[in-house]
Structure formats: C-alpha cells, structure tokens
Amino acid sequence: MKLFTQLKSERSENFSKSQRHHFWRKPYRWFNLVFFIAALTPLISVGLFNMIIDPYDIFNTPDFLGINDSKPYKDKNDRLFKATDVIRIKPVTVFIGSSRTKQALNPSHSALKDKQPAYNLAINGPNAYEVRRYLEHAIANQQNIKTVVFGVDFFMFNSSLMNQPTFSEKRLEKNFFALEDFLNSTFSLDALFASRETVVASLADANENDDYGDNGFMPNRKIPPDETEWRFNGGIKLYFDFHSDYQFSEQYFSDFKKIVELCQEYNIDLKVFISPSHTTQWEAIRATGRWQTFEQWKRHLVKIVPVWDFSGYNSITTEVITDTMKNYADNSHYTEKVGDLVLNRIFSHHEHTVPNDFGILLTPKTIEYHLDKINADRELWAEENPDEVRLVLDINRKMKQKGIQ
C-alpha cells in the first residue's frame, strides 16, 4: 500500500512539473503575460499620478508648494469635490446656492463660531433642483445639521436652465465615493490633462495658494483691476445670453418649497436671502422685460418662508463701476467683504457694521412696501447714473442686432 501511494505521488509530481514546463514553453503564454504587464503598468502609473496631484481635490492629498497647490480645474468640478467633502466633513452648518454664495460667504465667519463645522456647499450656476439635491446629500451624511443658509437667486427658477453637465445623481445621497467618479478622476485622460495643468499652474504661481481649504469657500482673490469693465460687460452678456427669454418654473419653485420642508422636518434653522448683486444685474432683468416677473418671484418666496432681501438699489449694490471696486468682482458676484455684511445681518452679529438699507426681512406684510421702495430708489439711482443704465441697454441692443438673443 505504501509503495502504491509513493508511486502515485511521484507520478503526480512528475505530471505537475511536466504541465508547468509545457505551460512556460508556449510562446503565446509569455506574450500574454508581458502584454498584460506592459498595458497595466502605464494605467496604474496614470492613476497614481492623478491621485497624488489630485487636480479636483477629492482624495485629500496634501498640497505641495509648486507641485499641486494651484488647482485650476477644482472650481470647474465643484459638484464633484463638494459632494465628496460633505461625506468626509459631515458639517452641521451648510451654505447652499450659486457661485454668488460660494465666492462670498465664508464658513469661518465669526458669526458661526459655535456652529462648526460649517461648509459652503454652493455650486456654479445651479437650478433649484440641483440645490435641493445637494442639500439632501448633506442631510443623508449628517442628520444633525443645525443651520442652513440659502442664497437664492432669480435665475435658478428659469425653466430653460437645465442641470449642468457635471451634475450626477449617482454621487448623491451616498456615504462613499461613487465608483464612476473614482474611475473618471484617476484613469481618464481628462483627469491626466487636469493634473498636468495643475502642475503647470503650481510651478507658475509657486508663492500663491489657490486651494482655499476644506470648507468649500472659493472667493475671487485675484481680480486684475484693469479687467473690471471687461468682467462687467461679460457678466451682463452672459445673463442676456442665458436668461433673455426667462420663464418662471413652477417645478423649480416646488424644489424650493421642498428645501423649506426638509429643513422643517429635520428641525434645521433655515435662513434664506436674495443675493446682493450689482445694480447692473437688476438693470439687465429690466432690459429683458422681466422686472414684474422678478417682483412676483419675491412674492412667491415670502408666501413660503421669510426672506432677507439684499437686492435692489442700496448703498452696497450701487457702487460705481471703477478699477478699484471693493464690493464686486463683476455685475453678479460680490466680494467676501459684502458676504460678511450679509452674515452679520441675518445672524444679528455685529449689526453696527451693516448699512441700515442693506438687508430687509421680507414677509407677506412687508413685501409690497419694500417693492415700491426699490422702484423709487431705482428712479433716483438712474437719474444719477445714466452711464450704467446706458451700458446695460447698449449691450442688450448689440446682442439683439447680432441675433444672439
């Protein structure tokens, strides 16, 4: 019996050696292995390179001065990195809204000292649906949110404003990094190009850091003063280009109501405010013939919730267009200085710093008086600033002549 077992074992061993020898003698086996390794190595290298450079700031990789500290593609992918930040940070105070809110409201403001961690979840050019979905994403990752500050904008309710191309449902209301986002951010050619541009920008600007930390706040800190007129003209043209045929969307208004209901359901202190864009932004709305729609929009809002109105023709929004502006980067976006005043007003913090005419709480009882006052203020402003009125009208006329609208 022992002899039989020994012979069987030796035969099996010899057969196994023969199989292995036969395997490695086949040329195509070697070719497949070498090809597989050759193909996989550059792919892994690209993935590691993109994760180390982290052009979208989603892997929480440390920033190295002159290597990856300047991230020009981060802001262009705010819907991506902000969704991942919320999963990691789990803020109890959240700012929501558009780039106006993103570039002006600092979550580190002293009014929020006891409301940390705070995060600016505002994104570029959203409609009301996108804003709602990002708030739902935040709640899914932190059900103890205490405060939400919503910078609400008229353009968010335009029925022709679709979801932005970088918006994805797949990454929302999850507590993990979506697989599709991971693959696109590591192994895609787009990510590789963004990494290359990150290195180039970091080398060129090695003494300045464009990454504003982990709180989602991304202000305009490098505004060339000699480009002020260009930026205002471009911003006004952009509004006419996208919103000249503005149509109010009942669906987006339902999304706004859902935001209010969500905050009520989770016992969240919701503070809603209308952004303090420059007066030329309000003139653009007038030029499209939508001023009454704008007023009706405000009436709709206050039926649902009280709203702080920082729009209109007040001591902040009427800043004269010059190369040394303190309040505005362009017709639409206000600076951190103004954002601080907004937070001071809505949180009753250092109110002595806020002009008396800046920030009026609208309710169904006060709104009609306020709308009448804005119209009266506009007449006075237009008499004293005919050049700015003419600027908006001329841009609108030229765009119509070119058939852009």
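Modeller: Quick bit of bookkeeping: helices (H or I, at least four residues) and strands (E, at least two) are DSSP runs numbered from the N terminus. This is a predicted model, with local features needing pLDDT of at least 70 and side-chain atom pairs pLDDT 80 or more, while totals for chains, interfaces and linings use all residues. Residues count from 1 along each chain as its sequence is written, and side-chain values use heavy atoms, with hydrogens and water left out.

Let's go for the largest cavity. A cavity here is a set of points, on a 1 Å grid over the protein atoms alone, where a 1.4 Å probe fits but cannot get out. Searching the whole structure turns up 3 cavities of 30 Å³ or more, and the largest has a volume of about 60 Å³, meaning the space filled by probe spheres set on points joined across faces, edges and corners.

Its lining (residues with an atom within 4 Å of a point) consists of R100, V152, D153, F154, F155, Y239, I274, Q281, W282, I285, F294 and W297. Sorted by class, that's 9 nonpolar, 1 polar and 2 charged, with Ala, Val, Leu, Ile, Met, Phe, Trp, Tyr, Cys and Pro as nonpolar, Asp, Glu, Lys and Arg as charged, and the others, Gly among them, as polar. Helix 10 and helix 11 (291–304) each supply at least two lining residues; helix 10 gives the largest share, 3 residues.

Now I274, from the lining. You'll find it in strand 4 (residues 269–274), and it counts as buried because its relative accessibility is 2%, buried being under 20% relative accessible area with a 1.4 Å probe, protein chains only. V152, also in the lining, is 122 residues away from I274 in sequence, yet their C-alpha atoms sit 5.2 Å apart. Beyond four places in sequence, I274 touches (heavy atoms within 4.5 Å) V152, W297, K298, L301, V307, W308, D309, F310 and S311.

Y239 is another lining residue, and one of the buried residues of helix 8, along with T228, R231, F232, N233, G235, I236, F240 and H243. Those buried residues pack against helix 10 (279–287) and helix 14 (386–401).

Terms used
Buried < 20%, exposed > 50% of the residue type's maximum accessible area, 1.4 Å probe, protein only. 1 Å grid on protein atoms, 1.4 Å probe; cavity = no way out; pocket = protein on both sides within 12 Å on 5 of 7 lines; lining within 4 Å.
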